[in-house]
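Have the sequence and the 3D view ready, and try each task before reading its solution.

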Amino acid sequence: MSSLLSLPVAISAFELGFIYALVALALFLSYSILNIADLSTDGCFTLGCAVGAQVAIMGHPVLALFVAMAAGVCSGYVMSFLQTKLGVESILAGIIVNTGLYTVNLAVMGFSSNLSLFKCETIYSLTKDWFGPDWYKLVVSAAIVVVVCMFLKWFLGTRLGLSIRATGDNEDMVRASSINPGFTITVGLCVSGAMTALSGCLIGQYQKSCDINLGTGMVTIALASLIIGETLVGKRTVTRRMIGAVLGSCIYRFVIAIALRLHMPTECLKLVSAVIVAIAIAAPYLKDRAVFQKRKLAAASAAKGGRKSC
Amino acid sequence: MLKLTNVRKVFNQGTVNEKLALDGVNLTVEDGDFATIVGSNGAGKSTLFNCIGGSFLVDEGSIFLDNRDITFVPEYRRAVEIGRLFQDPMKGTAPHMTIEENLALAYLRADKKKSVFSRISKEERTLFRERLALLEMGLEDRMKQPVGLLSGGQRQALTLLMATLVPPKILLLDEHTAALDPATADKVIALTKRIVEENHLACLMITHNMHSALEMGNRTLMMDAGRIVLDIRGEERAGMTVDGLLEKFSAGAGKKLDNDRILFSKVEG
């Protein structure tokens with residue numbers, strides 16, 4: 001195991017785990033709480049990266065985070081507009097927005113398929129001297145995730161947050177409480193979009209580059225993280241579920257890191273991701289089946305034993 | 001005061017499935033009126049409630065609440081003044097949220113000016129506790145538990161409390177005890193009576209129990225084929241028996257009853 005996971009590998013798995021955890025948290029809000037499958041996640045992630053990269057190139061790496069989040073809010077708003085004002089099914093709305101975002105992202109990147117941030121400052125290069133050369137990336141990423149988690153925890157406890165949670169649980173009841181579900185869906189998707197874009201922006205600054213295909217498959221990965229977390233930590237309270245999302249994201253990155261250490265070609269990573277997602281989603285079901293089968297076998301053998309004694 | 005003038009609703013207009021659900025309904029419910037509504041399936045009772053509550057817009061006619069035209073007001077805005085309960089106990093509460101959180105949402109109707117970023121306050125918690133204690137179901141000690149763990153009867157009682165936590169101008173009860181066992185149904189009915197009386201609410205209640213249709217409230221309506229065919233109150237109602245009501249029904253509708261549940265209630269009553 002020690003040969004599989006050296007400290008630098010573990011640290012970088014955690015760094016990526018924390019950054020991608022923001023997308024898992026975004027899906028926690030849109031998918032687990034609002035019950036909306038937001039397929040615009042891929043495009044929104046790249047949008048955050050592209051917008052953040054451009055602002056960082058202009059020399060404002062910290063401002064980049066907020067501009068990227070604003071871009072994510074816009075993406076979330078368009079998605080919710082299609083759903084609540086134009087009556088488009090949520091999955092279709094996501095696909096439409098995702099498709100549109102591809103062109104938007106290219107335009108943001110100045111119609112080139114990648115941008116380099118090697119020559120400019122990033123929030124990581126700015127903080128390099130504060131926390132030591134090995135740990136600064138991890139500390140910054142973790143700190144941002146903690147701040148976002150605290151915000152989310154606070155937000156979901158407010159009246160607006162409660163309304164959003166109820167919207168995914170029982171929309172009729174929300175309407176009966178004189179709240180417009182269209183409004184709560186809009187707010188929820190905007191916040192979720194902001195988190196996805198923030199994650200994209202951080203990845204851009206972390207990797208010092210931005211690629212038009214960066215977000216491809218992001219929704220699958222985030223979903224995997226979310227479900228790994230729910231399987232391990234459970235989904236009883238909001239806090240537990242958020243910790244689960246972050247933990248799930250880190251575990252996912254560890255699995256990928258191990259796969260890479262085992263000389264898995266990078267081309268195969270998407271397949272590995274898909275397999276992990278399938279296993280993570282199937283695990284709770286298989287666990288139930290296993291318990292059922294065990295009881296069935298026990299009952300069968302008991303019946304057999306009973307007959308013998310007769 | 002709720003007033004409906006010439007309300008008409010047609011489903012699937014222009015198709016073979018066209019169904020005239022409401023055929024020019026005129027109805028006035030005064031403040032403090034508690035009217036029970038009976039009628040066979042498909043008579044238009046639930047459609048009437050859906051039109052008043054705003055689940056869908058009417059094709060013709062107008063609806064006034066306290067002399068304000070609410071015909072085109074969206075459902076969620078009407079909910080400030082109209083409380084509703086359905087037959088299905090699952091419909092009125094959010095199962096994965098706690099009792100306290102459900103009540104907090106219902107309490108949002110109280111004050112629209114309150115900041116959306118405020119949290120459940122101590123005073124509100126005390127208020128919720130007091131109100132829950134009135135249900136006499138021990139729910140006041142389970143405020144942090146998700147509503148999904150409650151039984152159907154407990155959930156319906158909670159929904160009733162939520163709908164009346166901020167007293168609405170009118171309360172619509174759509175067979176709200178039909179899915180409950182008889183003992184629990186009696187309890188929820190008693191609770192309904194008390195809450196309606198205490199808050200002096202205007203109330204419309206759909207029921208298939210002819211007995212409670214005559215016993216509860218001060219007015220009985222009968223619907224058939226999208227029309228109100230009978231509207232009795234006062235002495236006429238006091239002198240009415242279940243048999244009499246059934247006869248009136250046949251006379252008003254001009255046909256025999258085809259609803260088992262109504263016929264059964266004749267035996268029970």
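Two strands count as paired if DSSP finds at least two bridges between them. Keep in mind that this is a predicted model.

**Exercise 1.** Find how many bridges join strand β1 of chain B to β2(B), and name the residue that stands opposite B:Leu4.

*Solution.* Start with β1 of chain B, which covers residues 2–11. Eight bridges link this strand to β2(B), and the two run antiparallel. Next, go to B:Leu4 and look across: its opposite number in β2(B) is B:Leu27.

**Exercise 2.** Work out the strand order of the sheet in chain B and pick out its edge strands.

*Solution.* Four strands make up an open sheet, in the order β2-β1-β4-β5 (chain B). Their pairing is antiparallel. At the edges lie β2 (19–29) and β5 (68–69) of chain B, each of which pairs on one side only. As a reminder, strands of a sheet pair through backbone hydrogen bonds.

**Exercise 3.** Describe how helices α3 and α4 of chain B pack.

*Solution.* First, locate α3 (residues 99–106) and α4 (residues 122–134) in chain B. Their axes are 11 Å apart, at an angle of about 105°. Angles of 65 to 115 degrees count as roughly perpendicular, so α3(B) is roughly perpendicular to α4(B). Then list the contact: B:Ile99, B:Glu100, B:Leu103 and B:Ala104 of α3(B) meet B:Arg125, B:Phe128 and B:Leu132 of α4(B). Sorting these residues gives five nonpolar, no polar and two charged.

**Exercise 4.** Report the confidence scores.

*Solution.* For chain B, the mean pLDDT is 86, with 92% of residues reaching 70 or more. The model has ipTM 0.84 and pTM 0.87.

Technical notes: Residues numbered from 1 in each chain as written. Chains lettered and ligands numbered in written order. Predicted model: local features only at pLDDT ≥ 70, side-chain atom pairs only at ≥ 80, totals over all residues. Heavy atoms only, no water. pLDDT = per-residue confidence, 0-100. Axes fitted to C-alpha atoms, helices over the stretch in contact; angles between N-to-C directions. Parallel < 35°, antiparallel > 145°, perpendicular 65-115°, else oblique. Contact = heavy atoms within 4.5 Å. Nonpolar A, V, L, I, M, F, W, Y, C, P; charged D, E, K, R; others polar.
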